[in-house]
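Biologist: This one is new to me. Please walk me through it.

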Amino acid sequence: MHGHNPEAGGAGLPTPGRAFDDRTFDAVLFDMDGTLIDSAASAQRCWRRWAREFGLPDAETFEVQHGIPASQVVPTLLPAEQVEAGVARILELEIADATGIHVLPGAELALGSLRPGQAAIVTSCTHAQAWARINGSGLEPPEVVVTADDVERGKPYPDPFRLGARALGVDPRRCLVIEDAPAGVTAALAAGCAVLGVGGRHGLSLLGQAHAGASGLDRVGFAVGPAGIAVGDRSPQAG
């Protein structure tokens, strides 16, 4: 039913224009994979190869929870004595495989709509992973990129978004986070940020805690004014 409601952004969530019509923000913190770039095919190839190498069952159909650092995922999958090698191997595979990664619709326009110091990428990738994917996609990143190497606890903990806000010199409560993963939404809410869920790898159905929803960044508009960043709805054909 919500699909016929112009005020619904998906999964019963209001569109950003509806949810944030009376708010402005000092900065926008973007998740990377599934939000700005599509690296799903690369990640799936790497994790399934990794699962085969480490003898996990159903390796050919193996799926890993998206949006959580590998250093937090691998200990849930391998015995303690294999964790260090397991983390090192998945990072090696993902850094080496940065092919077929592309920028998602609306991402470049979104970043380009914001002024220097108003945007950051906050990702669960390590520094090396993140830059392999940024370079592989051709995305022009903002100056601030927070990775899993920069925090002790990654998503779903709030630390990455708190650090992103601090790096930009703004209050997390004046930040809008754009996320496609449940772990990221949880982290952003815990950091005190407003959250816009986008339908990346998971789809909006699992992002019900977000304040607003959109199918992708091509449906979101940003306007910078004296009061800060206004966020609204955008036709994907516009611009």
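Modeller: First, some terms. Two strands pair if DSSP finds at least two bridges between them. Helices (H or I, at least four residues) and strands (E, at least two) are DSSP runs, numbered from the N terminus. The model is predicted, so local features need pLDDT of at least 70 and side-chain atom pairs pLDDT 80 or more, while totals for chains, interfaces and linings use all residues. Residues are numbered from 1 along each chain as its sequence is written, and side-chain values use heavy atoms, without hydrogens or water.

Biologist: How many helices and strands does the chain have?

Modeller: The C-alpha trace spans about 55 × 40 × 30 Å along its principal axes. The secondary structure comes to eight helices and twelve strands.

Biologist: What radius of gyration does the chain have, and why is it called as compact as a globular protein of that length?

Modeller: The radius is taken over C-alpha atoms, and the globule rule is 2.2 Å times the number of residues to the power 0.38. For 239 residues the rule gives 18 Å, and the chain comes close to that, so it is as compact as a globular protein of that length. Its radius of gyration is 17 Å.

Biologist: Which strands are the edges of the open sheet?

Modeller: Six strands form this open sheet, in the order β7-β6-β3-β8-β9-β10, with parallel pairing. Neighbours are turned by 25° against each other on average, direction ignored. An edge strand pairs on one side only, and here those are β7 (144–146) and β10 (212–214).

Biologist: In β10, which residue is the bridge partner of L196?

Modeller: Strand β9 (residues 194–198) runs parallel to β10, and three bridges join them. Within β10, L196 has as its partner A212.

Biologist: How many residues are in the hairpin that joins β11 to β12?

Modeller: β11 (residues 220–225) and β12 (residues 228–233) run antiparallel, with six bridges. V220 is bridged to D233, and V224 to I229. The number of residues in the hairpin is two.

Biologist: Do α4 and α6 run roughly parallel or roughly antiparallel?

Modeller: Axes are lines fitted to C-alpha atoms, for helices over the stretch in contact, and angles run from 0 to 180 degrees between N-to-C directions. Helix α4 (residues 80–96) packs on α6 (residues 127–137) at about 20°, with axes 8 Å apart. Under 35 degrees counts as roughly parallel, over 145 as roughly antiparallel, 65 to 115 as roughly perpendicular, and the rest as oblique. The two helices are therefore roughly parallel.

Biologist: Which residues in α6 do L91, E94 and I95 in α4 meet?

Modeller: Contact means heavy atoms within 4.5 Å. On the α6 side, the residues are A128, Q129, A132 and R133.

Biologist: Is the crossing of α2 past α4 left-handed or right-handed?

Modeller: The axes of α2 and α4 come within 9 Å and cross at roughly 145°. A43, C46, W47, R49, W50 and E53 of α2 contact G86, R89, I90, L93 and E94 of α4. A crossing is left-handed if the near helix is turned anticlockwise from the far one by less than a right angle, and right-handed if clockwise. This one is right-handed.

Biologist: Where does P156 lie?

Modeller: Most peptide bonds are trans. The bond from K155 to P156 is cis, with omega near 15°. P156 is in the loop between β7 and α7 (159–168).

Biologist: What is the phi of D58?

Modeller: D58 is found in the loop between α2 (40–53) and α3 (70–73). Although D58 is not a glycine, its phi is positive, at about 55°.
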